[in-house]
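Trainee: I've got the model open and a list of things to ask. Mind if we go through them together?

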Number of protein chains: 2
Amino acid sequence: MSLPESPIALAVPPTAAATTARPGRRTRAEDIREQLADEITRGQQPPGTLLDESALAARFGVSRTPVREAIRELAASGLIDARPHRGAIVARPSFERLQNMFEVMAELEALCAGLCAQNINPAERRRLETLHADMGEMMRLGDFAAYREANEQFHASIYAGGHNDYLVELTLATRQRLSPFRRAQFRALGRLALSHLEHDRVVTAILRGDRDGAAMAMRDHIAIVHNAYEKYAQLI
Amino acid sequence: MSLPESPIALAVPPTAAATTARPGRRTRAEDIREQLADEITRGQQPPGTLLDESALAARFGVSRTPVREAIRELAASGLIDARPHRGAIVARPSFERLQNMFEVMAELEALCAGLCAQNINPAERRRLETLHADMGEMMRLGDFAAYREANEQFHASIYAGGHNDYLVELTLATRQRLSPFRRAQFRALGRLALSHLEHDRVVTAILRGDRDGAAMAMRDHIAIVHNAYEKYAQLI
DNA sequence: GATGATTTGTACGTATGTATA
DNA sequence: ATATACATACGTACAAATCAT
């Protein structure tokens, strides 16, 4: 129940971002890719939607060339499915595949948490503690919006604490691919309280330096199957 | 010490391959991407090599357009680093990043093995047993080439036994990105014997249905740090 | 630092393959 | 089943940015 539905925007493909800091001029294809990725992850372009090159070119006020390049990159990242001569559609994984992706997501998050327990430094530790305490207050106040926002930072802090950028990229990429199939999870107060309780188990294990415990607590927190079922409905 | 240096050729980006079976006509960009990926993973285009669009276009007898599309996809998959207005080079991860990638690789393989222990079916089980036994014979005969070949199938069998295609794709993608930084590992007979012994621990755990044991055995088998060091030398 | 050469980014036109009548 | 319409794949030309001098 943790993965927030507003995805962390990946301005640049994870890969490239980490390989080199990218100072250079922004290209149109980049902007278009970023914009399309954002719309897909937000659910504005639901799975199965056909991405028409000419229509997109007209919409963005460019020729088809940069649109095509954006589509190629999104296809390689798995967010869309580009079929030769038949156009590209927003990816629509099978139910079984979604289950697989959720399972992997849980394991990646668990690995992040485990590495965090092992590698977190004092500054990161303080930040995680503070953040978690603040979220406790948000929960007590019933401030859903703030909690959701903070939840992003919470998970991001755990990613960072693992000190493995490649793992972070894989995790974010998987999260991005799953985001069209998730929606708000913090509607009820009970959910929010449960989430915070699960977070507490994760944080405690991390601060204790308990790698296995942190991984287990995070794995449970992600609650794979639940997510998978809940989201699949919206596909049909 | 297991990852074999001749990578499993990824004809199609893992992503697309699993989303849809691709019956359609092959496109030039696809062929070029496949060819370039192959050359990079084989080490024919070492890290840092500049991929000149015009030169590649001339070489493949096409215009720059399909070459550019191939480059975009390879960049998104992380095999190359495309810098706006500055050309694309074969990815050259930092030493720290390589370590991160090897660590993740070990964890992904471990996860595959763990899932395999949990989900393998009788037919797959028989195949794994047979394959492992055959590799024992190859080891005793000192047949390096055959062993290396079979090693590919061995790992692929374990991937398959996990019944999680998404995980398989992540694992193969990571393996592909690491392949330029690996080289032959089976030179010495002792290495071959040790590999087989480690395989034996993995297989035993899998056949016993011992998820954690299989994961641990596989994690050990991958021997992250060793690989990372050994391969980094070739970068400089 | 300015200028020319070179390479990449974008626009546009044509060919080819797919889908529908 | 054939033909027609349409979208995509590719080629070519130009614009813009980078780099070499």
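Trainee: Where in chain B is His85(B) found?

Mentor: Keep in mind that this is a predicted model. Phi of His85(B) is near 65°, a positive value in a residue other than glycine. Most residues other than glycine have a negative phi. As for its place in chain B, His85(B) is in the loop between strand S2 (80-83) and strand S3 (87-90).

Trainee: And is His85(B) buried or exposed?

Mentor: Count the C-beta neighbours inside 10 Å: His85(B) has 7. The cut-off for exposed is 12 or fewer. With that count, His85(B) is exposed.

Trainee: Which residues are the closest to DNA strand D?

Mentor: DNA strand D has 18 residues around it. Helix H3 (53-60) of chain A, plus helix H2 (28-42) and helix H4 (64-77) of chain B, are the elements that give two or more residues to that surface. By class, the surface holds four nonpolar, eight polar and six charged residues. The closest are Glu53(A), Gly87(A), Arg28(B), Ser63(B) and His85(B).

Trainee: Which element provides the largest share of the surface near DNA strand D?

Mentor: The share in question is three residues. They come from H4(B).

Trainee: In strand S3 of chain A, which residues make up the covered face?

Mentor: In a regular strand the side chains alternate between the two faces of the sheet. For S3(A), residues 87-90, the uncovered face has Gly87(A) and Ile89(A). The covered face is Ala88(A) and Val90(A).

Trainee: What is the bridge partner of Ile80(A) in S3(A)?

Mentor: Strand S2 (residues 80-83) of chain A pairs with S3(A) in the antiparallel sense over four bridges. The two form a hairpin with three residues between them, and His85(A) in the turn has a positive phi of about 65°. Strand S1 (residues 50-51) of chain A also pairs antiparallel with S3(A), over two bridges, with Leu50(A) partnered by Ile89(A). For Ile80(A), the partner is Val90(A).

Trainee: Now His163(A): buried, exposed or partly exposed?

Mentor: His163(A) lies in the loop between helix H7 (144-161) and helix H8 (165-178) of chain A. Its phi is positive, about 55°, although it is not a glycine. It has 17 other C-beta atoms within 10 Å, so His163(A) is partly exposed.

Trainee: How many of the 14 residues of H8(A) are buried?

Mentor: First, the geometry: at 1.5 Å a residue, H8(A) should span 20 Å, and its end C-alpha atoms are 20 Å apart, which agrees. H8(A) is largely enclosed by the rest of the structure, because the buried count out of 14 is 13.

Trainee: Last one: how many residues does domain 2 of chain A bring to the contact with domain 1?

Mentor: The assignment gives chain A domain 1 (14-23 + 95-233) and domain 2 (28-90). Domain 1 puts in five residues, and by class its side has two nonpolar, two polar and one charged. From domain 2 of chain A, the contact takes eight residues.

How values were computed: Residues are numbered from 1 along each chain as its sequence is written. Chains are lettered from A and ligands numbered from 1 in the order in which they are written. This is a predicted model: local features need pLDDT of at least 70, side-chain atom pairs count only at pLDDT 80 or more; totals for chains, interfaces and linings use all residues. A residue is buried if 20 or more other C-beta atoms lie within 10 Å of its own, exposed if 12 or fewer, and partly exposed in between; C-beta atoms are placed from the backbone. A residue is near a molecule or strand if its C-beta atom, placed from the backbone, lies within 6 Å of it. Ala, Val, Leu, Ile, Met, Phe, Trp, Tyr, Cys and Pro count as nonpolar, Asp, Glu, Lys and Arg as charged, and the others, Gly among them, as polar. Two strands pair if DSSP finds at least two bridges between them. Domain bounds come from an automatic or database domain assignment. Two residues are in contact if their C-beta atoms, placed from the backbone, lie within 7 Å. The expected span of a helix is 1.5 Å times one less than its number of residues.
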